Amino acid sequence: MCGIAGIFSPTLPPADREAAVARMVQHQAHRGPDDRGYYSRGELTMGMCRLAIFDPANGHQPMSTPDGRFTIVFNGAIYNHRELRAGLEAKGWSFRTQCDTEVLLAAFAHHGPDCLPRLRGMFAFAIWDERERTFFAARDPLGIKPLYYARQPGAGLIFGSELSALLVSGYLSREIDPASAGEYLAWFSVPAPRTIYQGIANLPAGHCLAIDAHGTLRTRACWKMPAPAQPGRVAGNYQEFIHGLRHQLEDTIRAHRVADVPVGAFLSGGMDSTAVVALMARAGGARLKTFSLVFGEAGYSEQASARLAAQACDTDHTEDLLTGARVAADLPQILASFDQPTGDGINTYYASQMARAGGVTVALSGLGGDELFGGYPSFRDLPRLQRFLPFWRKLPAGVRHSLVTRLQGSSNTRARKLADFLSQARDLHELAALQRRVLPEGQRLALLAPEARRQAERLGPTHPMLDDFASELAGADPFQIISGWELRTYMTDTLLRDSDVFSMAHSLELRVPFVDRVLLEWLWPQAAWFKYDPRRTKAALADATADLVPAALRNRPKQGFALPFAKWMLADLRPFLEETFSPGSLAACPWLDATEVANLWHRYTTQSDPRAWSRVWTVAMLVAFANRRQA
Amino acid sequence: MKSLLVSPELFLNNGGIARILRLYLKSLCENAGAGGRVDSVVLNDRPGAEPRLGRYSDPHLGEHIACDRRKLTFIRQTLRLARKADWLVCGHLHHLPIAWLARRLNPRLKYALVAHGIEVWRPYSAVERLALRDAHRVLCVSDYTRRQILRFCHDLRPERLVVVPNTLDPTFDSDEDTRATAQPFALPRILSVGRLAATDSYKGYDTLIEALPAIRHEHPAVRLRIVGQGDDQPRLVALAAQLGVTGLIDFLGSINDEALRAEYAACDLFALPSRREGFGLVYLEAMSHGKPCIGARAGGVPEVINEEVGQLVEYGNIPELAAAVMELMRRPRDSEIVRQHAASFAFPVFSQRLHAALT
């Protein structure tokens, strides 16, 4: 795992460019404390800092092909690099290191962008072709590793792994984009291709970017969700499916364990992380180190489940008590490690800290299990709403309008969200997109200042990549559509982005074996009822690991990695929130309606609606982020 | 081949759908072949001699019936003429159930739908789905429109949906004379063309007006000329006044073809940053005059505008829109390349595609 950065500019003097890239790399030093390197030629300077996982002694980057034509900077891990290497050796390539970077470079030199569908892993990389004078960058299919970029005058480009690194280049504005602030309030994070800053873009997951010799930049999708139906590749019955799933799970765990440094796992006690730990433990090797966050508050901690799983799998288990007071004390560091505001991710920050302190450099997590095996309520609720939509549309327009108006006027957030569904959604894609919104549309618009509100109204309540995802999921069944939307939106834009930022803040490589191209391609066309049973959460995963996971863990309802924020926000975190929602702090957010935001906090403190915490926290993180920038 | 074109209107107004359906009529006539015949039924047009009809037809044109908004006549005449036809080309989704009915009366009839844009980007009624499923061809104006139809009616057979991009009207010349009239007396001179209806506020005229203060900062002589009329104009005038840019904008209202050609010829760039264009014929018209275009990265527009002939922006992103105008002024596009790009959508190419789709 590493941080990459670079500037392509026909106009900037090389010395200025090199100094800027050095600043960008230095700013990302936490992503890669083991090594640093630079490449500067012609119009391009690239740099990287390395967290050495494969062949730590070699693999210095930027790395060039022996003929000097291609040079790469690469962040991530290619798990099938040994297989790819064997194939390339058969075609005449010889290798100097045992490192995945060299294999990726050779694969690109040999196949060009067509190498992308062959890669199994997480990646964001940039390659300069010295002979053709072209630039190419790409991101993995589901967006585990980030890549941000900004255009520069004269067909130039600045790119990097973290937004804050782009800012220290000195060539970009730190101006928060009011439209992005509006998008953040809608989605919990700023969805790609936007970022919180004006003029800086987030390369969407599974996309690549190319600049040709004339300076023309094009981005395109280089990986798409598998075909929804693939006769001949699907299991004939449930037993066959479970057998195949077990094989695929063992395969992805085997691939994700590969490293030349110590590997551990996050263990929440839920089905996803327990399955990952159980399969890792089964695979053998040194005694596995596992890590759990525990809470003092009753009803939140999954301590007992995690301990039971650790015992069953015989792991070296570490617990860390997380309290509101501790979060309050650490907030300055947590906020400093954001590069965009997020309403989520605190758990990853602490779990990564604990794992790194516990002596591992790589940790596996169960992220992605909910998206693949129907762990969210959306899988149950949305098909019902979808069946209702045709009847709804048959009602006279006046009746619909009157009902929506009544729902919008309700004090109940669920009623207002239902109003959004009924007034905005036309099909399951739009339902699946809208259900991930944090604030009802009326409330979101009210929180924005007039100009930002106008922009938010223009962008509308639909997801910015609605058309792309809907056409990617053409012909898919309802389970696939909901799964696809969960994978493409909340998982990519919030969960994976937070995981990258917060694990990298502690120089930990976080790996997500469920977010695996090979597993997904096998699982995708299988019958929906194999993958999802509304009466038994994660039934498929439980059945596939029945011999490894104790029955008590396989049959318990989902809890997730929840934090007792609702309580902390009224106690230990209250001084921070009082300060955040004070007029002085809100003055740094001209795109917010200060009165309405202050009212939101006031209502939370007086109405004791514990379900409102995430909405209030989401807004607080945006305000705190804006103030952090000013500091 | 005997074909029947069923259109909502052809000559009553000058809207995009009417203009493209005239070219369908012209192409069907040209491809009718020996012994072939084309009939035409139009719902809204007024009966009587139409001087422009000759430009869009030839002796293959048989009956041309304008129904003056009488729906029953429209249905009756369509069903009557469809009995003799091999192909019925339906110009609007609303009329597709009539085509479905016509096929019940004439089993050897095949029918095709021309899918333009926003009218098909939505869920369909049961009757529309039935008629769509039986359509032998859906002629989609862009790949975007094709994807939208498949999204809302996923049990259609994808191979029946064919992309036939819109085309330039060959009778709408961009000849040497109009090239000569390009006088850069205001720099940059931005042209925008379309309806100014409140229901079409997605066209993005307001975003162009909002971008003017930033553009004026770099180009004090900037002028925005808007061709078209509608009930949204008072709002746009008020917005301009509020931003202090009233003096930079000319609302030209509806103008004739000749005046429109002169506007295309005299502008420096064309901009219509619309969120919901199925294709955007006006971009092609501007490009046929060698003018670079700005459109929004939405709908079918990215299939018409690329970086060599203009700039795509995010809908509603005012700084990006202003930057795009300034970028096109700083780095003007080669007008010959722009014309060549427009030529790739020329009428003969369109006619060939349509002919291939119907045979």
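Trainee: Which residues of α3(A) are buried?

Mentor: D100(A), T101(A), E102(A), V103(A), L104(A), L105(A), A106(A), A107(A), F108(A) and H111(A) are buried. Buried means under 20% relative accessible area, exposed over 50%, partly exposed in between, with a 1.4 Å probe and protein chains only. This is a predicted model, where local features need pLDDT of at least 70, side-chain atom pairs count only at pLDDT 80 or more, and totals for chains, interfaces and linings use all residues. Residues are numbered from 1 along each chain as written, chains are lettered from A and ligands numbered from 1 in written order, and side-chain values use heavy atoms, without hydrogens and water.

Trainee: What makes α3(A) mostly covered?

Mentor: The count does: 10 of its 12 residues are buried. The cover includes β4 (63-64), β5 (70-78), α2 (81-90), β6 (121-129) and β7 (134-139) of chain A. Helices (H or I, at least four residues) and strands (E, at least two) are DSSP runs, numbered from the N terminus.

Trainee: How do you know that the span of helix α3 of chain A is close to the expected one?

Mentor: The expected span is 1.5 Å times one less than the number of residues. Helix α3 (residues 100-111) reaches 16 Å from its first C-alpha to its last, close to the 16 Å expected. Just after α3(A), G112(A) takes a positive phi of about 70°.

Trainee: Why is R19(B) called buried?

Mentor: Its relative accessible area is 16%, so R19(B) counts as buried. R19(B) is in helix α1 (residues 16-30) of chain B. Leaving aside neighbours within four places in sequence, R19(B) is in contact (heavy atoms within 4.5 Å) with N14(B), L281(B) and E285(B).

Trainee: Why is L403(A) called partly exposed?

Mentor: Its relative accessible area of 36% lies between the cut-offs, so L403(A) is partly exposed. L403(A) is in helix α13 (residues 397-408) of chain A.

Trainee: Which residues have the most contacts inside the largest nonpolar core?

Mentor: L245(A) and W617(A), in a core of 166 residues. A nonpolar core is a set of buried Ala, Val, Leu, Ile, Met, Phe, Trp, Tyr and Cys residues joined through side-chain atoms within 4.5 Å. Helix α19 (residues 478-504) of chain A gives the largest share of this core, 12 residues.
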